[in-house]
Amino acid sequence: MLRVGLLPTCVVDSVAPQVGVAVVRVLRKMGHEVTIPKTATCCGQPAWNSGFAEESASVAKTTLEALENHKSDVIVVPAGSCATMIKVFWQELFEVVGDHDASHRAQRLAPRVREFSEFVASRGVMPGKYPHRVAYHHSCHMLRELGIKEQPEKILGGLDGCTRAEWLADERCCGFGGMFSIKQPEMSVAMADDKIESLKETQSEALIGCDQSCLMHLEGRLRRRGESIQVKHLAEVLEEAL
Amino acid sequence: MKDLLEGTTLRQRARAAIADEHLSEALEQASDRLTNLKLIGSSALENYEELRDAGRYIRGRVIANLSQVLGKLTDNVEASGGKVFFASDGAEAAEYVSRVAVNAGARTVVKSKSMASEEIHLNDALENLDIEAVETDLGEWIIQLAHQTPSHIIAPAIHLTAQDVSDIFNKISEGDLSDVPSELCAFAREQLRQKFLESDVGVSGVNFGIAETGTIAIVTNEGNGRLVTSLPRVHVAIMGMERVVETWEQFDVMLALLPRAATGQQITTYVNMVTGPRRPGEADGPDEFHLVILDNGRSDILGTEFQEILHCIRCGACLNVCPVFRQIGGHGYGWVYSGPVGAVLTPLLNRAEEAGELQDASSLCGACWEACPVKIPLQDLLLGLRRKKAEDAGGIQKAMWRGWAAAWSRPRAYKESVRSAATMSKIVPEQFAPKGWRAGRKIPRAPKGTPSFRSWFESGEK
């Protein structure tokens, strides 16, 4: 049993509480104690990706302090891109704004921070049942920066009755890209459509991912198109399966 | 031909491309085909990853010592009887080539594929002097006939189908060609062969200059490069100043990477290596050889955080995997170079003003970096450009981010703001959502009747 500190992420805090609830329930079912670093806010990614490093750093530093002072064995982040921001980009971010001290601290913190599926997979296979055909979306930062690919696949593969469909576009960007989705809506939506067209060929019942922001974008597009395929965070799948 | 950058915005170009179903299909097919070929070609090589590291190292070393390497290249080109001209910008380069053509009494100039020549608008300059410039790369010839610009670094007519090509050719062939590729190729070969024979000057690009012997190397699949560089009396090669290696050993590594990354080929059908003009006793080759080394903004990139973009070897792999390129095609980027590399290069090569929004033509997904044979971190460079842009951002944008930072760096204010976002998301009508979002997507809504995640957690519920 570990003491797990959970960084909920701003997307969970604002529009996806059900994902946060699922994460907590799954982690507890695995036998861990879950606490939330109370003063943690956001990883700062929206401003960083828009080029506003100073603004990003001031938010990131709040969360850095909260996470490094939190009494836990591991910090779990249920979003690949936020986990990447913390583990990979924070060091660079703080260097860019000239805060070398914070950059070192971010470097020290990084190994203690784990993306949700990576953490779950590292604790061994859990028995569960999920009799559905699903498609798994590999989100970009999680795949390319953190190199987390097999873990979520392994988790889904370990569930009774769960079939993961071959999906040609599973590693292609969904088109969310943070502010990109609002600044370049035509490209963003066209990219979602491309992904969705390919998803439909898999004849899956549900689209699963580990980044609620990608899922929010894809779900928004699916519903606007009138498609009924379910969209779920991996934690929601596990909540149901375990 | 005018650049698309002038007078159009990125969003306008993107919209036009996305609305064009014919184009979308062509792009999708071409991107998939080239990506698959590359995967097959690179995975066939056991040490491909090591080669990438070697390639990255070589490019880094050359660019770090660029002036010395170029000095050596120049000395050796001149020692083998060639002339070297350093062009500080596009106009100077075009003027020099034009002068060479005029001095040669040329009425026709044949060209093999050269993005640098596109960059300097060479064809326009020659046409102004009543010199006919004929593209002899099949793709380039097609778009020249169609009065278009290249839409891909290595496959300039990638946005056109065989039927499109047939329509374009039929304008000069009296309308009797089908859309069968072999028939179209035969027609092109017959037309172009005549041009080769008529020309006094051949203009080529350069894939790599090899400094230690003053050699230029050109990789092609059509053989036109060999004719352009050997048949006309004068050969002018135009080289971006970064397209150089020190030694043949380095060239060997780059030659292993370039075709594999570009088309999945182990090697291209032709690899031409030209060292100076024809020497006494040699059977063929030009009487004159000129190497134009083009700066055009490149030296301004040296020593900056963007220096790594000069490592690029123009294979096009980043275009083929880019999900944005896949939607908007090369013309969406508005200038000669497209895709992720174009989005980085265009604003840096003296075009910051007009190209100032290209850094937004990316979701920062990193597929480009993963595909790049010399591991250029293109998404980091794009992000660097966004930071540069943000420095000059307008008051509203800056104020918005400052306000965001002020709130979200304080835990209490953060909680307030996400709580009100949650409440809003449950009740706000779709039409009040940000316009950019609601255009194509329903807005995310926190489930009605559920508390916020934090209040659920604090309530101690299971």
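Helices H11 and H12 of chain A are roughly perpendicular to each other (angles of 65 to 115 degrees; under 35 is roughly parallel, over 145 roughly antiparallel, and the rest oblique). Please keep in mind that this is a predicted model, in which local features need pLDDT of at least 70 and side-chain atom pairs count only at pLDDT 80 or more, while totals for chains, interfaces and linings use all residues. Residues are numbered from 1 along each chain as its sequence is written, and chains are lettered from A and ligands numbered from 1 in the order in which they are written.

**Helix H11 and its partners**

- In chain A, the axes of H11 (residues 185-201) and H12 (residues 212-224) come within 10 Å and cross at roughly 80° (axes are lines fitted to C-alpha atoms, for helices over the stretch in contact, and angles run from 0 to 180 degrees between N-to-C directions).
- Val189(A), Ala192(A), Asp193(A), Lys195(A) and Ile196(A) are the H11(A) residues that meet His217(A), Leu218(A), Arg221(A) and Leu222(A) of H12(A) (contact puts C-beta atoms, placed from the backbone, within 7 Å).
- That contact of H11(A) with H12(A) has 5 nonpolar, 1 polar and 3 charged residues (Ala, Val, Leu, Ile, Met, Phe, Trp, Tyr, Cys and Pro count as nonpolar, Asp, Glu, Lys and Arg as charged, and the others, Gly among them, as polar).
- H11(A) also packs with helix H1 (residues 10-19) of chain B, at an angle of about 30° and with the axes 9 Å apart.
- This makes H11(A) roughly parallel to H1(B).
- Here Glu186(A), Met187(A) and Ala190(A) meet Arg11(B), Ala14(B), Arg15(B) and Ile18(B).
- The contact of H11(A) with H1(B) divides into 4 nonpolar, no polar and 3 charged residues.

**Where the two chains meet**

- Chain A puts 53 residues into the contact, and chain B puts in 51 residues.
- Several helices of chain A each supply at least two residues to the side that touches chain B, among them H2 (17-29), H4 (53-69) and H12.
- The most comes from H11(A), with 7 residues.
- By class, the side of chain A that touches chain B has 25 nonpolar, 16 polar and 12 charged residues.

**The sheet in chain A**

- Chain A has 13 helices and 8 strands (DSSP runs numbered from the N terminus: H or I of at least four residues for helices, E of at least two for strands).
- An open sheet is formed by 4 strands in the order E2-E1-E3-E4, with parallel pairing (a pair needs at least two DSSP bridges).
- Strands E2 (33-35) and E4 (113-115) of chain A stand at the edges with a single partner strand each, so one side of each has no neighbour in the sheet.
- From one strand to the next, the twist averages 35°.
- Strand E1 (residues 3-6) of chain A is joined to E2(A) by 3 bridges, and Arg3(A) stands opposite Glu33(A).
- Helix H5 (residues 80-96) of chain A packs on the sheet, touching E3 (74-77) and E4, and its direction makes about 155° with that of E4(A).

**A close look at Leu64(A)**

- Leu64(A) sits in helix H4 of chain A.
- Is Leu64(A) buried or exposed? It counts as buried because it has 23 C-beta neighbours inside 10 Å (buried means 20 or more other C-beta atoms, placed from the backbone, within 10 Å; exposed means 12 or fewer; partly exposed is in between).
- Leaving aside residues up to four places away in sequence, Leu64(A) touches Trp90(A), Ala102(A), Arg105(A), Ala106(A) and Leu109(A).
- Across chain A, buried residues make up 62% of the 242 residues.

Technical notes
Contact = placed C-beta atoms within 7 Å.
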